Amino acid sequence: MNFIQWALNPWGERIPIHVSWDLLWASAIAGVLFLIVHAIYVGYWAKPVAESQNDSKLAAAAARVPERVARHSFGARTFHWVMAASMFVLLFTAFLPKVGVRFSWVTIHWVAGIVLTISVLYHIIHATFWLDFWSIWPDKQDVADASRRFQRALGRATPPLKKFGKYPLENKLFHLSVLFAGLAVIFTGLFMMFRVRTPFFTRNPYLFGDMTWGVMYVLHGLAGVGFVALITAHIYLAVRPEKFFLTKSMIFGWISRGKYLEHHDPERWPVDEGVPEAGQSKAPEVVI
Amino acid sequence: MAVIRDVIPTFELFQPVTIEDALALLARHGAEAWVLAGGLDSFDWFADRIKRPAAVIDLSQIKELSEVRSVGDGLEIGAMTTLTEVVRHPIVREKYGLLPEAAEAVASPQIRNQGTIGGNVSQDARCWYYRAGWPCYRAGGNICYADTPTGMNREHAILDADRCVAVNPSDTAPALIVLDAKMVIRTPRGERVVNAEDYFIGPGTDITRMTILRPGDLLTAIRIPSTWAGAQFYFEKVRDRNVWDFALVNVASAMVTSGGKIERLRLAMNGVAAHPLRLKTVETAVLGKPRNEETAEFAGKLAIQGAKPLQSNGYKVPLMRNLVKRAIRGVVGEEAA
């Protein structure tokens, strides 16, 4: 299997033109393999996390925790679902024609791409200036805990683990992957719009040389097929029973006090206020 | 890119005698198979060494594909019927005069003797960038060389382009659309009959194909119902060389009038879009209107709505407008005569 499709341009230069569309299947299989391996790991090897907080500290923190802990504001949830919808449209319009479903997809694709770009721009500004920017990035504690979890799964004794902050490590890693893949498709996609007719730019297929265009198409394709695996994994994790409360929080905006105390470390994710029944949270957050 | 025109690459040649055998061969060789009808498009590709199929399925020995027969209230023309046979067939001439007129406009007598109606409607785009083997969109690449600031695009599309701006080169296609023809396709899953209008696809739907045929599919016949039999027809083809050339633009129409007013109209053109274009808006807009210069003028202006010429094919806009006018007026002229 070739990873990249090559061609000769009119000047006889060998240039990349696309990724091999076989990678679409490779990515889909990788996504399915991930969920199988993860399900087996959780079912058979993963050990329960030991309580790492001392009781008095936990009790003091618990006393301040409201019944509903605000997790995602309305704006953040709206961003997530707009991004999700545009992502699905992008994936369907990109790959259904590749698997034999024929329809006129180009305009729908770039319109969805514009929606994705605007929503991501909003998210970057929102997360940078109004939210706790660093809460979604993996930190030293995450790495140490991941290492300990793995050792525990292998049956070795480790020091006590800490609970997660606002976001579990899986969330953070997924966000990081989506960040790179998303920025890759957006940057390359915006330039690729110069190759088609849109109301935004004067079409200019000679904006870059053939090699640069080729690399751009390959990057766009790689990130695109990568999203197939990423989205498969994301949906799988979203519907897993032990993580479903996080998915619900992306709809309703809050998690229960019990779930908060069960899964989150009040030191790493301090909560001082709850969410009114139909109100918005002011708690710091980053959404993926 | 060097183009070698002496020896075509080797391939395995099959000459099945039944449709079933042909389908079995197509199924066996999949995307590596090439269906050969008259060979007038195919051998260009082979000689230029741009298409290199492993297996060529020559349909010339399948007799049932070369028959013209009456079915129900219309005609069924085998896909391997030559254009000359279509031109000369008495029933076709008598009832569906539009089709022989269009078929007779194809290329030269020698080519019409060899070329088939199935091949004519299924031939590939004639864009020279594509035919030269450059990695354009239609060839699976990521650029249209014709739609560039310096591209040679005099013959290309002014409507419905989507990345690729090549046009469909068929002369019989608009005539078949106007006659409401049905394309009979044998697929691995059985027989499929589609309207001629839906047989052709644009680059937005699939940029690498001109028709809905997929690997393994075979166009076996074209059925022409009596819907438009005996109507007033008009066909005109404008080309650079009147003795032998592809159309710059062609137009086909069928009209039924009553009391001096247009009762029914079908209008299709080729050479203006990536696929043969049925002008439904014009058809609807002129219904019930009198057949006169004013209606023709109105139809012509309506037809070119949305046209986006490239830098070298702006002439196609007035050409399209005038051909539509003439299609309406021509019919009027015949009626008057």
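**Two leucines of chain A**

Mentor: Leaving aside neighbours within four places in sequence, the residues in contact with A:Leu169 are A:Pro138, A:Asp142 and A:Ala146. Please keep in mind that this is a predicted model. A:Leu169 belongs to helix α6 of chain A, which covers residues 169–192. A:Gln141 is 28 residues away from A:Leu169 in sequence, and their C-alpha atoms are 9.8 Å apart in space.

A:Leu90 is part of helix α3 of chain A, residues 74–95. Within 10 Å of A:Leu90 there are 22 other C-beta atoms, and therefore this residue is buried. If residues up to four places away in sequence are not counted, A:Leu90 touches A:His109, A:Ala112, A:Gly113 and A:Leu116. A:Pro270 lies 180 residues from A:Leu90 along the chain, and 37 Å separates their C-alpha atoms.

Finally, a word on the two chains together. Where chain B meets chain A, twelve residues of chain B are in contact with 17 residues of chain A. On the side of chain B that touches chain A, four residues are nonpolar, five are polar and three are charged.

Definitions and conventions
Residues numbered from 1 in each chain as written. Chains lettered and ligands numbered in written order. Predicted model: local features only at pLDDT ≥ 70, side-chain atom pairs only at ≥ 80, totals over all residues. Contact = placed C-beta atoms within 7 Å. Nonpolar A, V, L, I, M, F, W, Y, C, P; charged D, E, K, R; others polar. Helix = DSSP H or I, 4+ residues; strand = E, 2+ residues; numbered from the N terminus. Buried ≥ 20, exposed ≤ 12 C-beta atoms within 10 Å, placed from the backbone.
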